[in-house]
Amino acid sequence: DYSHLADPQVWIHGAVQIFFSLGIGYGCIISFGSFGKKSANFVRDASGVALTNCGTSILAGCVVFPVLGFLAAELHETDPCIAGDSLESLKSIGLSGTGLAFVAFPIAISQMPGSFFFAILFFFMMLILGIDSQFAYIEAVATVLCDAGVGDRLPRWALSGLICLVSYLIGILFVTNAGVYFLELFDNYISIYVMFAVGALECIGLMWTRRGQTWEHFQSLCLENTGLHLGWIWKASWGYICPTLCVLLVVVSITPPFAKADVMDARSSKPFPEGAGCVAQCFEEQPEKRSQEAVSQWEEEVKESKYYKELVQLPATKKISPSPKDWKCEKSGDTQNLWLNLSDGYIGGGRRHWDGSGGSNGALEHFEEEKAKGNFFPLVVKLGTITPDGADVYSYAPDEDNLVKDPLLAQHLEHWGIDVMKMEKTDKTLAEMQVDLNLNYDWSRICESGDKPLVRVRGPGLVGLKNLGQSCYMNSSVQLLLGLPEVKQRYMDADFKIRKSAPSDLQNDLIGQVAKLADGLNGSRYAPPLKEGEDEEDPKHVIAPQMFRTLIGRGHHEFSSSRQQDAAEFVQYFLEQLTRAERSALGSRLSGDRPSTSMFSFSVEERLQESTGSRRVKYSRVQQNMLGIPVKLEDADNLEEVLAFKASKEKDESDAKKLKTEGVEEPKPLIQLSKCLARLAAPEEGIQFRGTSASKTSGALFHRDRGLGARTILVKELGERCDLESLGFGGSNLQSACNALVP
């Protein structure tokens, strides 16, 4: 495609390649040339080096582009978003720059015959190239220092060693967490703008300094030592053409629309936090930072309170001291877990938990006492969490009863004499306390009623997943799916065959990640026999699917976040991603010829019939993998009890002084599954169909393959019995539910 020759970026990258490979502007060639004999034909030597270098680049192009084309075609089969006839989409997955040498070529080599041998040769070549480049750059610096007289007091080997040591210390920057960004920074700015400018200055220095005497002296030395006269061609090239082209490349490299000075999009990127250096982050991870990361994993979305704008604040007859030593609960005298009521300035203890732990309940009881008097003071702020960035604000209002945001918090606190700009955090936030509870609380205490001790069990299929912060929707879904016999048979990977055949890094291979999870959940590695006195919290027996969560959530706005999600949506998304990943793996890495999602496939059939006239009928069928059933309150067995409680509660909300439902547990609607399925299959009248009224009847056609043949259940107006037990689902309720689908 010769149209790319009109793209200025192609020429810029070509010039960068020549400058970098030949060492133009770095001083390498000049340093090596200084060791030659005066009588040597330097024109022949320089021309030979340039031609050899360009020939090597052409040879490398003949190797690189076929490899990239092969990878594009291969990746297109597994991901249709990657174009099979274009290399542009490869940049989006890192197969450019450093990724070319350390990702693209290793993938290609791994698929060659004798890949182990060629891999050794390839990385040995990379090592030799790196050492060769270091020879050139170290020699260039050493030669300049010696010629300037700086290194006269040191032997040449000591000077070279000192340069290597300084270079090594500077190079540590490139192996920190931010190393790749510094590499891109140096590569983009030093290799492009600076080298073009240095090349132009070298030509100007040779041709135009000292009123042209430098050029004349250089001509005479060349004639004297080599017998070669440098004529007008060399003068025009070094004096006009080369510096003009170098300056033009600099201008084009930073001028829109050809390019931009902000090559790395620094202005639009997110800066590093103030005071958080990348080197410090690499060598030491502060406990406070780890705590913040843990909180961010569990933190839920906090909404603005509806009461902050019109919050009543009584006249400030007292000022709240900014010192934590002066704070105490006005009811119990407690000095910990204190909350300030923003309406009347009352300081009370935090909420008392169900097991008696927590605070004195002073703040909540004060709110209820004031509410009984006809005052509504819902917002409280936790003392000790107030900082310039905000604080924990809680709303006791019955329709909120949760953490909320108060955009006017600084103004509300100023009313009581508290300047948020001078406050420092001295107590844990509710989010931090919740993290401590989730990580340290013995949940087995509430698993069974009474004093009966819990019986610990462990074994294949009884392994749990660690909650990584609001990831219970993912854990429960994955445990259910990977526990199915068909999935276990396909993905159990005790011999690591599936993982070893991953086409790329295992962390980016969904098939490998699913196999790793399936093997961990259903194998014996994390489920050895229980031993007396063994630590049940031993990390060796816990699966933390962080790598799987990162991979499956990549590119998805919701599932890549730490917020709680809908499990049904995640199952749909996971099955879609798994189907895409299995396209190229079935029959090679995985057994079988049908995707795993085919186990859940069924058809929903709708029957529309005209209510009048010729009573024509239309059937339509839609493929689905999840059956949504209608759940209506009017189908509840205890409907009268539920409606009576709601009516009483609405009456209480209108009369705050008389609370009949306070402390009374709201009854839960009891709806039988049979009624939900009966409603799903019940005819709907009044549906508009081809300009007339019609009735609609829905049914489902289930297919499930257990490897012994497809089992089919037809659920529609056929009068047949639906046996879900044959599909692994038991229970008389389900049996009667399926019977209800049949008219």
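Two strands count as paired if DSSP finds at least two bridges between them. Helices here are DSSP runs of H or I with at least four residues, strands are E runs of at least two, and both are numbered from the N terminus.

Strand E7 (residues 602-610) and strand E8 (residues 617-624) run antiparallel and are joined by eight bridges. Glu606 in this pairing sits opposite Ser620 in E8. Six residues lie between the two strands, and Gly613 in this hairpin has a positive phi near 70°.

A word on the model. It is predicted, so local features need pLDDT of at least 70 and side-chain atom pairs count only at pLDDT 80 or more, while totals for chains, interfaces and linings use all residues. Residues are numbered from 1 along each chain as its sequence is written, and side-chain values use heavy atoms, with hydrogens and water left out.

Next, the open sheet. Six strands make it up, in the order E1-E6-E5-E4-E2-E3, with mixed pairing. Strand E1 (303-304) and strand E3 (347-349) are the edges, each pairing on one side only. Inside the sheet, E5 and E6 pair antiparallel over three bridges. Tyr394 faces Leu403 in E6. Helix H12 (residues 362-372) lies across strand E2 (338-341) and E3, at about 120° to E3. For that angle, axes are lines fitted to C-alpha atoms, for helices over the stretch in contact, and angles run from 0 to 180 degrees between N-to-C directions.

Now helix H18. For H18 (residues 510-522) that gives 18 Å, and the end C-alpha atoms are 18 Å apart, which agrees.

Buried means under 20% relative accessible area, exposed means over 50%, and partly exposed is in between (1.4 Å probe, protein chains only). Among the buried residues are Leu510, Val514, Leu517 and Leu521. The buried residues of H18 pack against helix H15 (472-482), helix H16 (485-491), helix H17 (497-500), helix H19 (546-553) and helix H20 (567-582). Contact means heavy atoms within 4.5 Å.

On to the cores. A nonpolar core is a set of buried Ala, Val, Leu, Ile, Met, Phe, Trp, Tyr and Cys residues joined through side-chain atoms within 4.5 Å. The largest has 35 residues, and Val514 and Phe574 are among those touching the most other members. H15, H16, H18, H19 and H20 each supply at least two residues of this core. Phe574 touches Leu481, Val514, Phe548 and Ile552, not counting residues up to four places away in sequence. A second, separate core has 21 residues, including Trp327 and Ile386.

Asn475 counts as buried because its relative accessibility is 6%. Leaving aside neighbours within four places in sequence, Asn475 is in contact with Leu465, Lys466, Asn467 and Pro545.

Last, backbone angles. Most residues other than glycine have a negative phi. Arg210 is not a glycine, yet has a positive phi of about 55°. Arg210 sits in the loop between helix H7 (179-208) and helix H8 (213-226). Its relative accessible area is 56%, so Arg210 is exposed. Asp401 also has a positive phi, about 45°. Asp401 lies in the loop between strand E5 (393-395) and strand E6 (402-405). At 38% relative accessibility, Asp401 is partly exposed.

Methods. Expected span 1.5 Å × (residues − 1).
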